[in-house]
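Dear colleague,

Please find below the sequence and structure that I am handing over to you. My findings follow directly after them.

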Amino acid sequence: MDFKQLFSVIRRRWLAILALTLVALAISGFLSWRATPMYESSARVFVTVNATEGVDAVTSGVLIQSRVESYADLATSTDLLDDVIDDLDLADSPEQLASRVSANVSEQTSIITLTVRDADARQAQQITDWLSSAYAEYLAQVETPEGGDRAQIIATVTDEASYSATPVSPRTAINLAVAGIIGLLVGLGTAVARDLLDRTVSSQEHIGEVTDAPVLASIGFDKEISGSPLLTDLGSFAPRTEAFRLLRTNLQFLDLDAQPRCLVISSAIPGEGKTMTSVNLALALAQTGRRTLVIDADLRRPRVARQLGLDAAVGLTTVLVGQTDVQDAIQVHEPSGLHLLASGAKPPNPTEILQSKVTQDLVKRLAGEYDMVIIDAPPLLPVADASVLATFADGVILVVKHGKTTRDQVAEAIGRLNQVGGRLSGVVVNMIPRRSTGSYYYYYYEDTSSGRKGRAGKAAKAPKPSKAERSAKPSRAERKAAKRTETPRRTREVGDAVATPQGSPVTPEELLARAESDRRPRVES
């Protein structure tokens with residue numbers, strides 16, 4: 001992992017890193033607050049040889065240097081500490097006192113520094129004072145030969161016990177700094193480990209790992225989708241509207257030689273937003289003037305009719321069993337002009353019905369009558385319905401939910417399409433967070449001043465005018481001017497149909513053909 005990838009991981013998972021750092025700081029602060037303040041006192045003891053006339057200085061120095069470390073270890077001996085406890089009447093045991101006593105030898109010297117820690121600064125000084133004196137006597141006693149009366153060394157207390165009212169522990173600032181560094185390192189390690197182990201789709205590179213199909217569009221997460229699920233409920237510059245316009249435009253470049261007229265919309269697993277993608281893509285196509293039909297082929301969990309506010313009782317299954325004619329079963333979504341063939345009654349054998357030749361003939365017939373047919377199919381992994389539909393459709397668009405669908409699930413879904421000879425036209429990544437770093441979704445602009453419409457397309461209620469305002473009626477010219485400003489002209493996009501004076505829609509291709517025929521010379525009879 002290079003620095004760029006590490007920075008991307010930090011930006012994606014900064015919240016977890018910050019949380020672990022704060023937890024480490026909180027634990028360190030709590031422990032420091034609960035810890036008992038400890039005070040320290042020190043004294044220094046100088047050890048030298050009690051030289052006789054036949055011992056020179058060099059020999060004395062070698063003798064002391066060879067034994068001074070052993071002398072330091074004797075500072076915590078049980079015999080010595082027992083005497084100190086008895087003299088000072090301490091409640092500690094020799095082992096408890098030994099844990100608070102330390103003896104260090106200064107380098108290249110014979111000076112031993114005794115240090116005592118205690119919860120009371122005065123008691124620490126008192127213990128150190130008694131210990132240093134008893135220690136000097138104890139060393140002389142140890143180095144006195146048996147039966148002799150002269151010690152081989154002389155231990156002298158050179159620095160009396162010190163006093164300090166400043167506690168040496170806990171060191172709150174140092175503890176917090178160390179805890180912050182440890183928490184930060186643990187957070188970074190956890191973030192990197194989670195990123196390496198995370199197999200969900202969260203960037204365009206993840207799609208490229210499992211398929212060569214293009215990413216046709218990226219649809220951002222909208223927390224208001226439950227109240228405004230359709231494009232007809234949104235403003236013209238809403239981010240979700242722009243995303244489906246991009247998807248609609250990219251469909252024109254899937255195959256320039258043979259434009260697809262029948263597309264299956266599916267996903268790897270449930271809950272990835274395939275139905276909303278199917279409906280809104282069909283609405284985006286219908287808004288350009290194309291004759292668009294959406295078929296709810298999810299015979300197990302049909303939801304298209306409910307999203308459009310239409311009847312789901314009559315539809316695909318009733319047409320296939322011959323209970324009604326297909327033209328009578330097709331409904332129209334009035335706000336957009338989108339046509340819908342609902343699912344109809346739920347059958348006991350959905351896969352067999354979709355696999356029948358009657359279904360194939362019906363879909364081919366409808367693909368010939370409409371400019372575009374969108375089929376909302378069940379997920380690929382749980383059932384085989386979508387794989388069956390892919391065999392006689394022009395292509396399949398796979399909807400992938402950002403941060404939920406794994407790359408293994410996408411690869412398995414694509415593998416099922418390949419097994420039946422289905423064609424994956426592209427991928428739509430759905431529900432991308434607004435600030436998702438490393439993703440491929442961005443916000444352009446939106447009209448924040450215009451409020452969202454409700455499901456039925458009703459505008460928000462305006463406040464009631466006062467009596468004076470009701471009496472001041474606008475003139476006829478003012479009403480006409482207001483009507484013109486309230487009905488903005490829609491900008492025609494590439495591929496939109498053009499209305500003729502008779503009212504029938506004409507595509508740009510037909511206009512070019514008519515212009516070409518007008519330029520041809522006419523032959524006089």
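**Findings**

A search of the whole structure turns up one aromatic pair. Rings of Phe, Tyr and Trp (its six-membered ring) are paired if their centres lie within 6.5 Å, with planes under 30 degrees apart counted as stacked, over 60 as edge-to-face and the rest as tilted. The pair consists of Phe-30 and Trp-33 and is tilted, at 6.2 Å centre to centre and 45° between the planes. Both residues lie in helix α2 (residues 14–34), three residues apart, about one turn of the helix. Helices (H or I, at least four residues) and strands (E, at least two) are DSSP runs, numbered from the N terminus. Phe-30 counts as partly exposed, at 44% relative accessibility, and Trp-33 counts as exposed, at 66%. Buried here means under 20% relative accessible area, exposed over 50%, and partly exposed in between (1.4 Å probe, protein chains only).

Please note that this is a predicted model, in which local features need pLDDT of at least 70 and side-chain atom pairs count only at pLDDT 80 or more, while totals for chains, interfaces and linings use all residues. Residues are numbered from 1 along each chain as its sequence is written, and side-chain values use heavy atoms, with hydrogens and water left out.

**Nonpolar cores and surface patch**

A nonpolar core is a set of buried Ala, Val, Leu, Ile, Met, Phe, Trp, Tyr and Cys residues joined through side-chain atoms within 4.5 Å. The largest nonpolar core has 48 residues, of which Leu-316, Leu-341, Leu-366, Val-373 and Ile-375 touch the most other members. A second, separate core has 33 residues, including Leu-254, Val-279, Val-294 and Leu-308. Not counting residues up to four places away in sequence, the residues that Leu-341 touches include Leu-293, Ile-295, Leu-316, Val-319, Ile-330 and Leu-366; contact means heavy atoms within 4.5 Å.

On the surface, Leu-20, Ile-174, Val-178, Ile-182 and Val-186 form a nonpolar patch with about 400 Å² of accessible area together. Patches are made of residues with over 30% relative accessible area and no salt bridge, where like charges are joined within 9 Å and nonpolar side chains (Val, Leu, Ile, Met, Phe, Trp, Tyr) within 5 Å. Accessible areas come from the Shrake-Rupley method with a 1.4 Å probe, and for residues only the protein chains shown count as cover. Helix α7 (residues 172–197) supplies the largest share of the patch, four residues. Val-186 is in helix α7 and is partly exposed, with a relative accessible area of 42%.

**Two individual residues**

Val-400 is found in strand β11 (residues 395–401) and counts as buried, at 1% relative accessibility. Leaving aside neighbours within four places in sequence, Val-400 is in contact with residues including Val-201, Glu-272, Val-410 and Val-428. The C-alpha atoms of Val-400 and Val-428 are separated by 6.1 Å, although the two residues are 28 residues apart along the chain.

Thr-318 is in helix α12 (residues 316–320) and is buried, with a relative accessible area of 8%. Not counting residues up to four places away in sequence, Thr-318 touches Ala-313, Gln-323 and Thr-324. The C-alpha atoms of Thr-318 and Ser-343, 25 residues apart along the chain, are separated by 8.4 Å.

**Salt bridges**

The count comes to 18 salt bridges, each being a side-chain nitrogen of Lys or Arg within 4 Å of a carboxyl oxygen of Asp or Glu.

- Arg-67 and Glu-143 meet in a salt bridge (2.8 Å, N to O). Arg-67 lies in helix α3 (residues 57–73) and Glu-143 in the loop between α6 (121–142) and β4 (153–159), so the pair ties together parts that are 76 residues apart in sequence. Arg-67 is partly exposed, at 30% relative accessible area, whereas Glu-143 is buried, at 10%.
- Arg-407 and Glu-209 meet in a salt bridge (3.1 Å, N to O). This pair links distant parts of the chain, with Arg-407 in helix α17 (residues 407–420) and Glu-209 in helix α8 (residues 204–210), 198 residues apart. Arg-407 counts as buried, at 6% relative accessibility.
- Asp-92, Arg-100 and Asp-118 are linked in a network of salt bridges.

Yours sincerely
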